[in-house]
Amino acid sequence: MTLFRLEGRHALVTGGSRGIGLAAAHALVRLGAHVTIAARGEDALKAAAATIGARWVVADVGTPEGVRAAVEAANAAGPLDILVSNAGGPPPALPSGVTEEAWQRGFETTFLSTVRLAEAVLPEMRERRWGRIIAVTSLSVGRPVVNLPVSNAMRAAVTNHLRTLALEVAADGVTCNTVAPGYTATDRLKALHTDPAEAERLQSRIPARRFGQPGEVGAAVAFLATHEAGYITGQEILVDGGWSI
Ligand SMILES: NC(=O)c1ccc[n+]([C@@H]2O[C@H](COP(=O)([O-])OP(=O)(O)OC[C@H]3O[C@@H](n4cnc5c(N)ncnc54)[C@H](OP(=O)(O)O)[C@@H]3O)[C@@H](O)[C@H]2O)c1
């Protein structure tokens, strides 16, 4: 058998129009999967889909309707085997200064999105006794970043939800894992670190002495989606250049 191939598998990657989501979608396409990407902005999404050879659907995963639309559109191409739950991260703030509205938005977009997406894809996966549920989280799960309190809390919740879900569905051939990126060179990182001197300082503190590339995170996601990763469940893969050591 050829290793690490995904021919005939159908995947949905949310937050797939740029950055880590797009890199994950591209890695899945390269392994042979049929991929649908979802995001809110149509122009970027269409362009990204054309570049990597994916289908696309405009959907905001921070709402139940958006989750439904994304899953329905992806299922139209064939029953889903692989879900990659990803979206933009919550905006920065100090932990003492997060508004009620920001907590609510983070809860919907960063936590409930994964819960709802998983719920929507699970019945078919369990019936067909094969499925891969992968959420993109953050190094902040184990090492909180002071100005990202909503992200820290919601990603810890996603991680433990998928670990719990893994217990329920492991015997049905469905695995649930998370990929936790460290500092990765995407638009989000650029927006969070606009001062080049500060970006330099940050890189000098990473054992690998550089930011990660989106494709390096995407490759970890794609591996977890393969047949060969079928005995890995309830786990977190950190892709952080050694930061967490
Ligand atoms: N880059 C890093 O260093 C780093 C480190 C740790 C964790 N992370 C986390 O990893 C995830 C991906 O990061 P990234 O750097 O690739 O982010 P990014 O460059 O900001 O890309 C986010 C993607 O998600 C889409 N998106 C945002 N909100 C959405 C929503 N409500 N519904 C559907 N799609 C949505 C965006 O498109 P639209 O805006 O058009 O919807 C875009 O395609 C984020 O959650 C981030 O916090 C990133």
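## Charges and overall form

The model described here is a predicted one.

Eight helices and seven strands make up the secondary structure of the protein chain. Its radius of gyration is 17 Å, close to the 18 Å that the globule rule gives for 245 residues, so the chain is as compact as a globular protein of that length. Along the principal axes, the C-alpha atoms occupy a box of roughly 50 × 40 × 40 Å.

## Burial, contacts and surface

Of the 245 residues, 49% count as buried. The accessible surface of the chain amounts to about 11,400 Å², and carbon and sulfur atoms account for 55% of that surface. When contacts between residues at least 6 apart in sequence are considered, 72% join residues at least 24 apart.

## Strand S2 and threonine 36

Strand S2 spans residues 34-39 and includes threonine 36. Threonine 36 has a relative accessible area of 2%, under the 20% limit, and therefore counts as buried. Beyond its neighbours within four places in sequence, threonine 36 is in contact with Ala11, Leu12 and Val13, with Arg55, Trp56 and Val57, and with Ala74.

## Helix H2

Helix H2 covers residues 42-52, and its buried residues are Leu45, Ala48, Ala49 and Ile52. Viewed down the axis of H2, these buried residues fall within an arc of 100°, so they line one face of the helix. An α-helix has 3.6 residues a turn, so residues three or four places apart point the same way.

The buried residues of H2 pack against helix H1 (19-30), S2 and strand S3 (55-58). The other side of H2 bears the exposed residues Asp43, Ala50 and Thr51. Just after H2 comes glycine 53, which takes a positive phi of about 80°.

## Helix H7 and the loop to H8

In helix H7 (196-204), the buried residues are Ala199, Leu202 and Gln203. Seen down the axis of H7, they fall within an arc of 95°, so they too line one face of their helix. The face turned away from this buried side carries the exposed residues Glu200 and Arg201.

Isoleucine 206 lies in the loop between H7 and helix H8 (214-225). Isoleucine 206 is buried, with a relative accessible area of 2%. Leaving out residues up to four places away in sequence, isoleucine 206 touches Tyr183, Phe211, Asp240, Gly241 and Trp243. From isoleucine 206 to threonine 164 the separation is 42 residues in sequence and 31 Å in space, C-alpha to C-alpha.

## Two arginines with positive phi

Most residues other than glycine have a negative phi. Arginine 129 has a positive phi, near 55°. Arginine 129 is located in the loop between helix H4 (100-128) and strand S5 (131-136), and is partly exposed, with a relative accessible area of 48%.

Arginine 209 also has a positive phi, near 60°. The loop between H7 and H8 holds arginine 209. With a relative accessible area of 55%, arginine 209 is exposed, whereas isoleucine 206, in that loop as well, is buried.

Notes. Residues are numbered from 1 along each chain as its sequence is written. This is a predicted model: local features need pLDDT of at least 70, side-chain atom pairs count only at pLDDT 80 or more; totals for chains, interfaces and linings use all residues. Side-chain values use heavy atoms; hydrogens and water are left out. Helices (H or I, at least four residues) and strands (E, at least two) are DSSP runs, numbered from the N terminus. The radius of gyration is taken over C-alpha atoms; the globule rule is 2.2 Å times the number of residues to the power 0.38. Buried means under 20% relative accessible area, exposed over 50%, partly exposed in between (1.4 Å probe, protein chains only). Contact means heavy atoms within 4.5 Å. Accessible areas come from the Shrake-Rupley method with a 1.4 Å probe; for residues, only the protein chains shown count as cover. The arc is that of the directions from the helix axis to the C-beta atoms.
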